[in-house]
There are 2 protein chains.
Amino acid sequence: MTELSVGQYQVVLNFFSFTIAAMGAATIFLWLNRSLVAAPYRMAVTVSGLVTFIALYHYVRIYGSWQDAYMVVDGTLQATDKAFNDAYRYVDWVLTVPLLLIELILVMRLTSSETVSKSIRLSILAVVMILLGYPGEVSDVAGTRWLWWSLSMIPFLWIVYELFIGLKKAVDAQPLAARGLVSGARYLVIGSWLFYPIVFIFPMLGFDGPTAETFVQVGYTIADVVAKAVFGILIFAIALKKSQVEEPTVA
Amino acid sequence: MTELSVGQYQVVLNFFSFTIAAMGAATIFLWLNRSLVAAPYRMAVTVSGLVTFIALYHYVRIYGSWQDAYMVVDGTLQATDKAFNDAYRYVDWVLTVPLLLIELILVMRLTSSETVSKSIRLSILAVVMILLGYPGEVSDVAGTRWLWWSLSMIPFLWIVYELFIGLKKAVDAQPLAARGLVSGARYLVIGSWLFYPIVFIFPMLGFDGPTAETFVQVGYTIADVVAKAVFGILIFAIALKKSQVEEPTVA
């Protein structure tokens, strides 16, 4: 049984609400400004908006589930019969994480065959990574959590390898004006993704109870905002910069 | 425990509803008319619409939270277990206030590097200003409120300085036809923003209880409408005027 304080409950709810606003704003920003980039980059911007849109939907569900899971009685928080549904996060990630990687590949403008092969490989790795994490997430047993965490880290590290070694030549072939941004986008992916396995192991490190629960929820939420909304804006910035370099008539 | 009258409760609710309508209308006005301004000004108009869109979302939440926080029993108002969530305002401001300043910078059409550097500096100042205000807002102790109010006023005054001294040269370089509007936009920012620190100190001046609560809610709401919807329309007017001067073929 959880013993969250009213304040902790409210902090988490406010972070969820913040994320709804941020994902909604990012989605509209990306879709409205899609026409500002050159045609070859519009798909990357469209997909970036899809990612934040899917996240928007899931945060509306997450917000509602969190609200339904608790009620305030005489100034203290009590859990209701409806448990908070953590699975919304995993469903979201199964959809958005492959798309995030595809955004990055699309904005690089590789050859068609490279785009397809790299998109498929990274998408499969991402889905496997997320599915392997889930059995651990829903377990309270530290040993079980470590097992699935370790298995999930294999595709995670493989993706890191693909982004840094597999894409190195493609990054070096980017126009000079955009190379720093493209390279930075890879670091943003890895930096924001590192949150997830770290947040995941909080309970296994003895960091447990309501404060840990608050940190887990806020941690995943911040990671999602950075990995999806901030990353999407960065993809747009890259697309705009490359459009200006390659087709100087574009605004 | 609050002792708002039913009438005061209703006045506040009506102001929230008015704001939902105003923000929604401003959002659609700005996005629909975005194509009427020349390409270099479209981003300013898009961002103006994002600000009112984010505020629209938060006023829907604020309205719902206000409704849930009270109920009428035998003709008198009683607080429920669900406290009104004031944090929605601060979450809104963290997102919208940096964007408001970016609107103003974008419509000035400075060089790329100036646009980026001024946007970053003003955004950081705005976020710091808002975060410093929050611990005071949630305190009932006058001394604590004064402390955080004073700290928050440092970035506030810094922003005023940036707008009036830092941007003076840029304002003087605006086309003559738009110079008055651009300069006026700065005064509208400062004028509407002055509401917030003044509303904040109501409870510290012994102006307390249900009438003060009503004034605080209505005061913040009017300030938000002016600072976001009215300001956004003004940014659009500037963008249109500058488009006509610089590209006379634009409508």
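**Close-up 1. Crossing of helices α4(A) and α5(A) in the predicted model.** The two helices cross with a left-handed sense. Helix α4 of chain A comprises residues 112-137, and helix α5 of chain A comprises residues 142-166. Their axes lie 7 Å apart and form an angle of about 160 degrees. Because angles over 145 degrees count as roughly antiparallel, α4(A) and α5(A) are roughly antiparallel to each other.

**Close-up 2. Residues in the contact of α4(A) with α5(A).** On the side of α4(A), the contact includes L122(A), L125(A), V128(A), M129(A) and L132(A), together with K118(A) and R121(A). Helix α5(A) contributes, among others, W148(A), L151(A), F156(A), W158(A), I159(A) and L163(A), as well as R145(A) and E162(A). By class, the residues of this contact divide into 14 nonpolar, 5 polar and 5 charged.

**Close-up 3. Packing of helices α7(B) and α8(B).** In chain B, helix α7 spans residues 176-201 and helix α8 spans residues 209-246. The axes of these helices come within 9 Å and cross at roughly 170 degrees. The angle therefore makes α7(B) roughly antiparallel to α8(B). The contact of α7(B) with α8(B) is formed by 24 nonpolar, 3 polar and 4 charged residues.

**Close-up 4. Chains A and B about their rotation axis.** Within chain B, the residue that comes closest to the rotation axis is L32(B), whose C-alpha lies at 9.0 Å.

How values were computed. Residues are numbered from 1 along each chain as its sequence is written. Chains are lettered from A and ligands numbered from 1 in the order in which they are written. This is a predicted model: local features need pLDDT of at least 70, side-chain atom pairs count only at pLDDT 80 or more; totals for chains, interfaces and linings use all residues. Side-chain values use heavy atoms; hydrogens and water are left out. Axes are lines fitted to C-alpha atoms, for helices over the stretch in contact, and angles run from 0 to 180 degrees between N-to-C directions. Helices (H or I, at least four residues) and strands (E, at least two) are DSSP runs, numbered from the N terminus. Angles under 35 degrees count as roughly parallel, over 145 as roughly antiparallel, 65 to 115 as roughly perpendicular and the rest as oblique. A crossing is left-handed if the near helix is turned anticlockwise from the far one by less than a right angle, and right-handed if clockwise. Contact means heavy atoms within 4.5 Å. Ala, Val, Leu, Ile, Met, Phe, Trp, Tyr, Cys and Pro count as nonpolar, Asp, Glu, Lys and Arg as charged, and the others, Gly among them, as polar. Copies are superposed by least squares on the C-alpha atoms of residues with pLDDT of at least 70 in both.
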